[in-house]
Amino acid sequence: MIDTIYTIGYSGFNINSFLTILKENHISLVIDVRSLPYSKHFPDYNKDNISKILNKTGFYYRNYALEFGARQKNLSFYPNGYLDFDLFSKSDNFLSGVEKLEKSMKQDYRFVLMCSEIDPIICHRAILVSRAFYNKGYKIIHLLPDNKVISQNYIEERLLNKYLVSMMSIILIL
């Protein structure tokens with residue numbers, strides 16, 4: 001059996017629909033992948049609030065800013081002025097996060113990677129974190145509003161179409 005990993009962007013959900021989708025998908029653990037786990041526009045999802053809400057309703061909450069956050073303090077991960085996802089995905093912190101979640105799955109925890117963006121294609125949870133699990137053979141399901149889901153396969157196709165086509169156009173022009 002292939003293990004499944006879920007992701008969700010909370011800005012597409014009010015807190016009640018967020019809790020409902022977690023229950024419907026039998027999620028037991030929410031992994032917050034935000035470097036700064038606070039939101040001015042969605043205060044229910046501030047770290048202190050969401051952890052209380054989740055714990056009160058039977059879910060576990062963990063913040064993995066160090067392991068999976070897109071704003072790392074170590075400047076060596078920014079060789080070109082932005083976080084190098086490939087470089088960071090090979091770091092001890094990132095690999096430790098992957099290992100901890102693999103152990104959680106062996107203990108029958110079903111988790112969701114949470115960040116703010118509705119569309120996973122513009123979020124590091126899909127481009128960095130989910131992709132690492134996907135490349136290890138895990139099935140990735142991105143939970144969207146209105147009970148829609150998309151797979152990491154679909155995200156990969158969208159990324160190729162968006163960036164490969166753009167690069168090919170530039171090459172043809174040159």
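In which loop is Asn-46 found? In this predicted model, Asn-46 is placed in the loop between E2 and helix H2, the latter spanning residues 47-56. The residue counts as buried, at 17% relative accessibility. Residues up to four places away in sequence aside, Asn-46 touches Pro-37, Tyr-38 and Ser-39.

The secondary structure of the chain comprises 7 helices and 6 strands. Along the sequence these elements follow the pattern β-α-β-α-β-α-α-α-β-α-β-β-α. The radius of gyration is 17 Å, close to the 16 Å given by the globule rule for 174 residues, and the chain is therefore as compact as a globular protein of that length. Along the principal axes, the C-alpha atoms fill a box of roughly 60 × 40 × 35 Å. Buried residues make up 44% of the 174 residues. Among contacts with a separation of 6 or more, 68% are accounted for by residues 24 or more positions apart.

The sheet is open and consists of 6 strands in the order E3-E2-E4-E1-E5-E6, with mixed pairing. Its edges are formed by strand E3 (60-63) and strand E6 (148-151); each has a single partner strand, so one side of each is left without a neighbour in the sheet. On average, and with direction ignored, neighbouring strands are turned by 25 degrees against each other. In general, strands of a sheet pair through backbone hydrogen bonds, in either a parallel or an antiparallel manner. Strand E1 (residues 4-9) and strand E5 (residues 139-144) pair in the parallel sense, over 5 bridges. In this pairing, Ile-5 stands opposite Ile-140 in E5.

In soluble globular proteins, nonpolar side chains tend to be buried together. In the present model, the largest nonpolar core has 23 residues, and those with the most contacts inside it are Phe-68 and Phe-133. At least two residues of this core are supplied by each of four elements, namely strand E2 (29-32), helix H5 (92-106), strand E4 (111-115) and helix H6 (124-135). With residues up to four places away in sequence not counted, Phe-68 touches Val-33, Phe-88, Phe-94, Gly-97, Val-98, Leu-101, His-124, Leu-128, Val-129 and Phe-133. Another core, of 20 residues, lies apart from the largest one and has Ile-15, Phe-18, Val-112 and Ile-141 among its members.

The cysteines were examined next. A disulfide is a covalent bond between the sulfur atoms of two cysteines. A search of the whole structure finds 0 disulfides. For Cys-115, the nearest cysteine sulfur is that of Cys-123, 3.6 Å away. Because a disulfide requires sulfur atoms within 2.5 Å, Cys-115 is in no disulfide at this separation. Likewise, Cys-123 is in no disulfide, its nearest cysteine sulfur being that of Cys-115. Both residues are buried: Cys-115 has a relative accessible area of 5%, and Cys-123 has a relative accessibility of 1%.

Glu-156 lies in helix H7 (residues 152-173) and has a relative accessible area of 15%, which places it in the buried class. Leaving aside neighbours within four places in sequence, Glu-156 is in contact with Arg-131 and Tyr-134. Ser-91 is located in the loop between helix H4 (85-88) and H5, and is buried with a relative accessible area of 8%. The C-alpha atoms of Ser-91 and Cys-115 are separated by 21 Å, the two residues being 24 residues apart along the chain.

Positive phi values in residues other than glycine were found at Asp-108 and at Asp-146. Phi of Asp-108 is near 70 degrees; this residue lies in the loop between H5 and E4 and counts as exposed, at 70% relative accessibility. Phi of Asp-146 is near 60 degrees. Asp-146 is situated in the loop between E5 and E6, and at 68% relative accessibility it too counts as exposed.

Key: Residues are numbered from 1 along each chain as its sequence is written. This is a predicted model: local features need pLDDT of at least 70, side-chain atom pairs count only at pLDDT 80 or more; totals for chains, interfaces and linings use all residues. Side-chain values use heavy atoms; hydrogens and water are left out. Buried means under 20% relative accessible area, exposed over 50%, partly exposed in between (1.4 Å probe, protein chains only). Contact means heavy atoms within 4.5 Å. Two strands pair if DSSP finds at least two bridges between them. Axes are lines fitted to C-alpha atoms, for helices over the stretch in contact, and angles run from 0 to 180 degrees between N-to-C directions. A nonpolar core is a set of buried Ala, Val, Leu, Ile, Met, Phe, Trp, Tyr and Cys residues joined through side-chain atoms within 4.5 Å. The radius of gyration is taken over C-alpha atoms; the globule rule is 2.2 Å times the number of residues to the power 0.38.
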